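Work through the exercises below with the model open. Try each task before you read its solution.

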Amino acid sequence: MQEFEKTISFGGRDIHLRGGLLAPQAGGAVLVQSGETAVLVTATRSAGRQGIDFLPLLVDYEERLYAAGRIPGGFLRREGRPPERATLTCRLIDRPMRPLFPQWLRDDIQIVATTLAMDEQVPPDVLAATGASIAVLLAKIPFSGPMAAVRVGLVGDDFVINPTYREVETGDLDLVVAGSPDGVIMVEAGANQLPEADVIEAIDFGYEVVQDLIQAQLDLIKELGIEVVTEQEPETDPTLATFIEEKTADAIKEVLKQFSLTKPERDEKLDAIKAELATAIEALDDDNPVKVAVAENGKALGNTYKSVTKKLMRQQIVDEKVRVDGRQLDQVRPISCQVGLLPKRVHGTGLFQRGLTQVMSVTTLGTPGDAQTMDDLHPDEEKRYLHHYNFPPYSVGETRPMRSPGRREIGHGALAERAMVPVLPAKEDFPYVIRVVSEVLSSNGSTSMGSVCGSTLSLMDAGVPITKPVSGAAMGLIKEGDEVRILTDIQGIEDFLGDMDFKVAGTDTGITALQMDMKITGLPMTVIAEAINQAKPARLHILEKMLAAIDKPRTELSPYAPRLISFKIDPEMIGMVIGPGGKKIKAITEQTGAKVDINDDGTVTVSAIEGEKALQAKALIESIVFKPSAGDVFVGKVTRVIPIGAFVEFMPGQEGMVHISQLADYRVAKVEDEVNVDDEVIVKVREIDGRGRINLTRLNIHPDEAAAARNAAGARA
């Protein structure tokens, strides 16, 4: 490939492209740089494999910690399994790219994006997504692009294109818009309860810039003498499809109009029609073209039958505006909600069911030390709110090996997490680390939004003071020519056979999260705006059902949740609390059974199941960092005796000396005549000298001062 360099300017930002220098054996390669963030993106195509009946697209995003001048942690000191945010970036690239490849293509395609440098100002994910489009064009792979992606932030009242990490953190919007020449193809967003109109305006704002980036890519490949490759779909014999439709159309239509059927019942009837079809084909002559087509391709029958079913279902929705379960296009399935389902050993439980989709979310409250440490390129070093999503095979009546979470599970968990973050209490008000696990117990569409609803129920049941409850709904779409039908609360068959999965979560005030995926090459803003607006009444309806189960967070935590006490100490005193080799803090933990976490800013969080234990640990820490003043009176214990006086520990970890002349109001010949080791004595701070040494006395202590000191010592004990 010939070398090239090109700079694209847009929205006050520059993207510098360089190709032909790196990765010369890849099908296409481009180095995308903005600021000091640089991502190498490659696209390679290999010959197809036997028996593949899907598009084998593989997208990988690789983070190298040298990009930020860091060495990986762990024993091996090298990058291993991709961190969660890297997996989410893979999905961010894959989702807008996949619909733009011809679905009949069976060649292996791999896109690899590697972050080589990062300046903690420019996030690399949208650079990688746009770079993927350029790499595919350079590789001359069939593609209905170009595609480009931008991030939109909201700083004050102004939208900002490709904001910095800091601008995203302090703003009210983190929106990624990806588009093709045909329209918007992917949306991913987290928002601070923004109104629908503001979110629609932000998407439109982002797509205008996307169009500029698309044109820049077209200009680039024109300069390089490259044309967008659009290979024609191989011709197929229509005989099999015609035969199947003639034999099964009436029976399939009849099943699709039996609105009272459950998903398993509908699947059973459709499978029975398919079995009868297979029997009919088997009875044909051996040289019949239909039988020959099925014999040559073992998957031809199933795939063609699925296509016919899809066509008829879509036709019913477009022509009759009736769905397979009899609902109207904007109607939500029946909803039920429960809280407190599990014993109180579990800190909070929410069970949310919509139709046949059932999700149980469980909340666990932890201490600050339970925060997740992030070992990736993102500037944030820890997370205090975690949402994990599990999708076991039994939830769809199937069997398969259960391994570690896949990209889908990670993506759905991150979406539900993003939806809840805007309503979580501030760390200063609620210092707990919060983990919610959503177990999908039954799936028939929109489990990610079920996780959002279940999380809200679970958090309120756990007593987490969220500022507002959050609900979510998944919108679908059927597009046939110029006819468009938007579906509210899609179920599994509508997701699988439809053209869009648009998830919208938010409060009664506004949107907190969006995620839109397409199976077609783009949508105009008018349709996207209609889908967002149609989702609002659905969300509010769902929210009403949730609030009937629990209308506000509980005022009491589970008796098994840790009790936290948070307070500040002088950061210079942290070492004194920890002690040599952690000796003092270990002693506090052993004595009280409480757990102690100390931040560098001097914030101390003490946790224990029993609140009294936490208070006891707090008193011990406060006594260590206590700074006495002249005139303070204490009950102390003699720890050492020397010829000129006695050392007294008047607070845990703090000692002062009583000079022999201050032991009594008469001349003392020998210290041991007055005090010995382990004796309890009442002392007063006489002075603190210039070197910080504390001098004590037993003289001139009023009886009231002595009584107060004894009371204070009893309280600390």
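**Exercise 1.** Is Glu428 buried or exposed?

*Solution.* The model is predicted, so local features need pLDDT of at least 70, side-chain atom pairs count only at pLDDT 80 or more, and totals for chains, interfaces and linings use all residues. Residues are numbered from 1 along each chain as its sequence is written, and side-chain values use heavy atoms, with hydrogens and water left out.
- Step 1. Read the value: Glu428 has a relative accessible area of 69%, so Glu428 is exposed.
- Step 2. Helices (H or I, at least four residues) and strands (E, at least two) are DSSP runs, numbered from the N terminus.
- Step 3. Look across the fold: Ser566 is 138 residues from Glu428 in sequence, yet their C-alpha atoms are 8.3 Å apart.

**Exercise 2.** Find the class of Asn444 and list what Asn444 touches.

*Solution.* 
- Step 1. Locate Asn444 in the loop between strand S17 (433–442) and helix H10 (447–461).
- Step 2. Asn444 is buried because its relative accessibility is 6%.
- Step 3. Leave out residues up to four places away in sequence; Asn444 then touches Lys263, Arg333, Leu356, Thr357, Ile490, Gln491, Gly492 and Ile493. Contact means heavy atoms within 4.5 Å.

**Exercise 3.** Which strands pair with S21, and in what sense?

*Solution.* 
- Step 1. Strand S21 covers residues 511–518, and eight of its eight residues are buried.
- Step 2. Strand S10 (residues 183–194) runs antiparallel to S21, joined by six bridges. Two strands pair if DSSP finds at least two bridges between them.
- Step 3. Strand S20 (residues 500–506) is also antiparallel to S21, over seven bridges. A hairpin of four residues links S20 to S21.
- Step 4. Check Met516 in S21: Val187 has Met516 as its bridge partner, and Phe502 stands opposite Met516.

**Exercise 4.** Describe how H4 packs on H12.

*Solution.* 
- Step 1. Helix H4 (residues 196–223) and helix H12 (residues 525–549) pack at about 155 degrees, with axes 10 Å apart. Axes are lines fitted to C-alpha atoms, for helices over the stretch in contact, and angles run from 0 to 180 degrees between N-to-C directions.
- Step 2. H4 is therefore roughly antiparallel to H12 (angles over 145 degrees count as such).
- Step 3. The H4 and H12 crossing is right-handed (the near helix is turned clockwise from the far one by less than a right angle).
- Step 4. Glu196, Val199, Ile200, Ile203 and Asp204 of H4 meet residues of H12, including Met525, Ile528 and Arg539.
- Step 5. The H4 and H12 contact has seven nonpolar, one polar and four charged residues. Ala, Val, Leu, Ile, Met, Phe, Trp, Tyr, Cys and Pro count as nonpolar, Asp, Glu, Lys and Arg as charged, and the others, Gly among them, as polar.

**Exercise 5.** Describe how H5 packs on H6.

*Solution.* 
- Step 1. The axes of helix H5 (residues 239–256) and helix H6 (residues 263–282) come within 10 Å and cross at roughly 155 degrees.
- Step 2. H5 is therefore roughly antiparallel to H6.
- Step 3. The H5 and H6 crossing is right-handed.
- Step 4. Nine nonpolar, one polar and three charged residues make up the contact of H5 with H6.

Terms used. Buried < 20%, exposed > 50% of the residue type's maximum accessible area, 1.4 Å probe, protein only. Parallel < 35°, antiparallel > 145°, perpendicular 65-115°, else oblique.
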